[in-house]
Amino acid sequence: MVDEEKLPWELVDEILSRVPPTSLFSFRTVCKRWNVLFYDKTFINNHKMTFRFILATESKIYSVSIDPKIEVCELTLDFPGLEYQEPQYLVDCDKFLLYGLDKGAVVWNPWLRQSRWIDSSEIKQTPMPFSGIGYVDRNYKILASCSPTGLPNKSWCKIYDFASDAWKDYGSGDGIEERSSFVTFGDSVSLNGTLYWVAIEKTHKSFHLACFDFSRGKFIKGRNLPCEKTNPLKDALVLGVFKGDRLSLLKQCHETKKIEIWVTKYKVNTNLAREDVEWINFMEVSSPNLPSLVYYSQPSYFIEDKRLVVCSWDKIGRALIYVFGENKLISKIHIDSVVDPWPFHCTFIPSLVPVPRGQREELAELQV
């Protein structure tokens with residue numbers, strides 16, 4: 001066997017980039033340098049099995065790789081009975097996916113092929129969909145919420161704790177006054193354990209940043225977003241994660257088709273009420289004949305090296321990948337292998353973080 005220390009590090013990097021992710025997870029303990037490498041975002045992005053979008057239809061789930069070319073692979077979820085439930089939503093939750101169905105949701109790391117079913121039967125108040133996954137001191141939690149309007153004596157927010165397998169109710173006195181002043185728009189974005197949304201002020205109809213801080217168990221309203229004169233029914237307005245520690249905002253005007261990308265100048269923390277979140281214009285695309293990115297649903301996107309990559313639908317529900325850069329549309333590709341129209345879609349950055357287990361699973365293993 002060749003001594004790893006005698007191999008050039010670039011060659012070791014190249015070899016490991018071809019190893020299946022499930023094996024990489026086991027190799028973390030080989031040496032400290034390998035463990036550090038496996039959490040390096042450049043290594044993850046360059047891995048030969050990396051993908052950047054997930055699409056879900058009524059019958060199938062797909063991963064979509066972007067570089068060096070578009071590749072689509074079918075994924076499997078091994079849960080009995082899932083085939084009889086209809087998909088409801090698909091949310092990227094920073095290392096995990098939240099795949100919502102009729103009777104609950106799957107917390108899933110498709111790169112490691114790990115998943116966990118979270119039953120919604122204990123949530124008797126409906127509708128209360130799962131909003132996203134966050135954490136406090138690496139203790140993962142799920143937020144389920146609905147509008148508190150008209151619910152003065154009922155729970156309007158529940159938090160599921162992975163470690164204890166238990167739900168906790170939140171309602172009057174837990175930030176309901178703050179939450180009742182705005183409506184969240186679109187899917188949540190998970191960043192460093194906190195959930196963020198685009199929110200619309202009910203009184204002034206202005207757009208601002210809002211978050212749910214799991215450490216305090218409350219919603220927090222932040223400052224206005226750089227999106228004046230936005231039509232939420234027709235314009236694209238999507239929050240995202242930028243460089244792993246900042247937020248981004250994609251805006252497209254439905255009339256001019258101009259695309260703007262804004263990013264936060266500094267790292268974002270949860271103290272939105274007392275802190276200015278400064279946004280800077282990172283990128284614009286305003287060339288003629290740009291496509292509309294909104295057909296019944298907001299697009300998914302990521303930004304990489306001054307390149308904007310977007311997943312959306314066309315007028316008849318076919319999935320599309322757009323690549324923008326240098327103030328122009330570089331490519332437009334139909335994902336023909338996704339046969340069913342109008343698939344749910346979201347971004348996904350692969351990770352080697354395992355899906356957290358709960359007390360019931362650990363007890364079951366001990367009893368085997």
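Mentor: Let us begin with Phe212, which is found in strand S14. Helices (H or I, at least four residues) and strands (E, at least two) are DSSP runs, numbered from the N terminus. This is a predicted model, in which local features need pLDDT of at least 70 and side-chain atom pairs count only at pLDDT 80 or more, while totals for chains, interfaces and linings use all residues. Residues are numbered from 1 along each chain as its sequence is written, and side-chain values use heavy atoms, with hydrogens and water left out.

Trainee: Is Phe212 buried or exposed?

Mentor: Buried means under 20% relative accessible area, exposed over 50%, and partly exposed in between (1.4 Å probe, protein chains only). Phe212 has a relative accessible area of 1%, so it counts as buried. Of the 368 residues of the protein chain, 52% count as buried.

Trainee: Which residues does Phe212 touch, apart from those up to four places away in sequence?

Mentor: Contact means heavy atoms within 4.5 Å. Phe212 touches Leu143, Cys157, Ile159, Thr194, Leu195, Trp197, Gly217, Lys218 and Phe219, with residues up to four places away in sequence not counted. Trp197 lies 15 residues from Phe212 along the chain, and their C-alpha atoms are separated by 8.8 Å.

Trainee: How does one read the pairing of strands?

Mentor: Strands of a sheet pair through backbone hydrogen bonds, either parallel or antiparallel. Two strands count as a pair if DSSP finds at least two bridges between them. Here, strand S13 (residues 194-201) and strand S14 (residues 207-213) run antiparallel and are joined by 6 bridges. Trp197 has Ala210 in S14 as its bridge partner.

Trainee: What is the order of the strands in the open sheet?

Mentor: The order of this open sheet of 4 strands is S12-S13-S14-S15, with antiparallel pairing. Its edge strands, each pairing on one side only, are S12 (182-191) and S15 (218-224).

Trainee: Which residues touch the most other members of the largest nonpolar core?

Mentor: A nonpolar core is a set of buried Ala, Val, Leu, Ile, Met, Phe, Trp, Tyr and Cys residues joined through side-chain atoms within 4.5 Å. Among the 28 residues of the largest one, those touching the most other members are Leu16, Phe38, Ile54, Ile61, Leu77, Tyr99 and Val106. Elements that give two or more residues to this core include helix H1 (9-16) and strand S6 (104-109).
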